[in-house]
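Let's take a walk through this fold, one piece at a time. Keep the viewer open and follow along as we go.

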Amino acid sequence: MRHRGVRCRAVNLRTFLPPLPLPTAAPPGPGEPARELPEPGLEPDRPAVVAFLRHTGCPFAEATARALREAAASEPGVDWVAVSHAPAQATARWRDAIGGLEDVRVLIDDGRLHYATWGLGRTSLRHFAGRRSLAEVGRLARAGIRNRHPDGTRWQTAGTFAIDADGVVRWRHLPAHAGELPDLSAAIAALAPDAPTA
């Protein structure tokens, strides 16, 4: 669509509608077995960091994805995985728009069933539009990360897990608000052979 000679993309208003809640399990804690992921799942006999993202287009999803990309370049022995609940085509467009996700495997869970299995359910409005999250939106905007055309739902919570080569969760990050991003250095540290279960 064009407005006064400027090409505009319509805002996907459906992302603002709360999705139907899904039966959501308690998230796995350190020392518990990892849950199933969308195909093709985890690579066997390899430690992994799995980040379930907020909707594509979200600055917090982009910041997390960029951090995954940087971590994957410095820690090639780890299986770096991003899970998106946007459809595959929309996820691919977003991945390309943010500069690609080299060395990060992107899995699609557009029904959000795996999110629910990992204990990541529907959030409140305050979670993603509260004062702390909006302050982080501003901080990321100053760093050049802004809202993009969204796909998925703004109501889906994120979560990140470090999983050892035996398929056991060693670390997790469940954000208190949408702008609280995972510390991937802590995830890597938790995968060290002598690391205590956190």
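This is a predicted model: local features need pLDDT of at least 70, side-chain atom pairs count only at pLDDT 80 or more; totals for chains, interfaces and linings use all residues.

**From a helix to the sheet and its core**

Now step back into H2 itself, which spans residues 88–97. Which of its residues are buried? Ala90, Thr91 and Trp94 are. They cover an arc of only 100 degrees around the axis, and that places them on the same side of H2. Turn to the other side of the helix and you find Gln89 and Asp96, both exposed. As for what the buried residues of H2 pack against, it is helix H1 (59–74), strand E4 (79–84) and strand E5 (104–108).

Leaving out residues up to four places away in sequence, Thr91 touches Thr56, Ser84, Ala86, Val106 and Ile108.

Time to zoom out. The protein chain has six helices and seven strands, and from the N terminus on they run β-β-β-α-β-α-β-α-α-α-β-β-α. Of its 198 residues, 45% count as buried. If you take the contacts in the chain with a separation of 6 or more, 81% of them are between residues 24 or more positions apart.

Next, the sheet. Five strands make up an open sheet in the order E5-E4-E3-E6-E7, and the pairing is mixed. E5 and E7 are at the edges with a single partner strand each, so one side of each has no neighbour in the sheet. Neighbouring strands here are turned against each other by 20 degrees on average, if you ignore direction.

Let's follow some of the pairings. Strand E3 (residues 48–52) is antiparallel to E6, and five bridges hold the pair. Along this pair, Val50 sits opposite Phe161 in E6, while Ala51 sits opposite Thr160. On to the next pair: strand E6 (residues 159–163) and strand E7 (residues 169–173) also run antiparallel, joined by four bridges. Here Thr160 faces His173 in E7, and Ala162 faces Trp171. E6 and E7 form a hairpin with five residues between them, and Gly167 in the turn has a positive phi of about 80 degrees.

How many residues of E6 are buried? Five of the five, so this strand is largely enclosed by the rest of the structure. In a regular strand, side chains alternate between the two faces of the sheet. In E6, Gly159, Phe161 and Ile163 point one way, Thr160 and Ala162 point the other way, and all are buried.

What lies across the sheet strands E3, E4 and E5? That's H1, which runs at about 165 degrees to E4. H1 has 16 residues and reaches 23 Å from its first C-alpha to its last, close to the 22 Å expected at 1.5 Å a residue. Its buried residues are Pro59, Phe60, Ala61, Glu62, Ala63, Thr64, Ala65, Leu68, Ala71 and Ala72. Their cover includes E3, E4, H2, E5, helix H5 (131–142) and H6.

That brings us to the inside. Nonpolar side chains tend to be buried together in soluble globular proteins. In this model, the largest nonpolar core has 40 residues, and the ones with the most contacts inside it are Val49, Val50, Phe52, Trp80, Val83 and Trp118. E3, H1, E4, E5, E6, E7 and helix H6 (184–190) each supply at least two residues of this core. Which element gives the largest share? H1 does, with seven residues.

Finish the tour on Phe52, one of the core residues with the most contacts inside it. Setting aside its neighbours within four places in sequence, Phe52 is in contact with Leu37, Val83, His114, Tyr115, Trp118, Leu120, Ala158, Gly159 and Phe161.

Terms used
Residues are numbered from 1 along each chain as its sequence is written. Side-chain values use heavy atoms; hydrogens and water are left out. Buried means under 20% relative accessible area, exposed over 50%, partly exposed in between (1.4 Å probe, protein chains only). The arc is that of the directions from the helix axis to the C-beta atoms. Contact means heavy atoms within 4.5 Å. Two strands pair if DSSP finds at least two bridges between them. Axes are lines fitted to C-alpha atoms, for helices over the stretch in contact, and angles run from 0 to 180 degrees between N-to-C directions. A nonpolar core is a set of buried Ala, Val, Leu, Ile, Met, Phe, Trp, Tyr and Cys residues joined through side-chain atoms within 4.5 Å. The expected span of a helix is 1.5 Å times one less than its number of residues.
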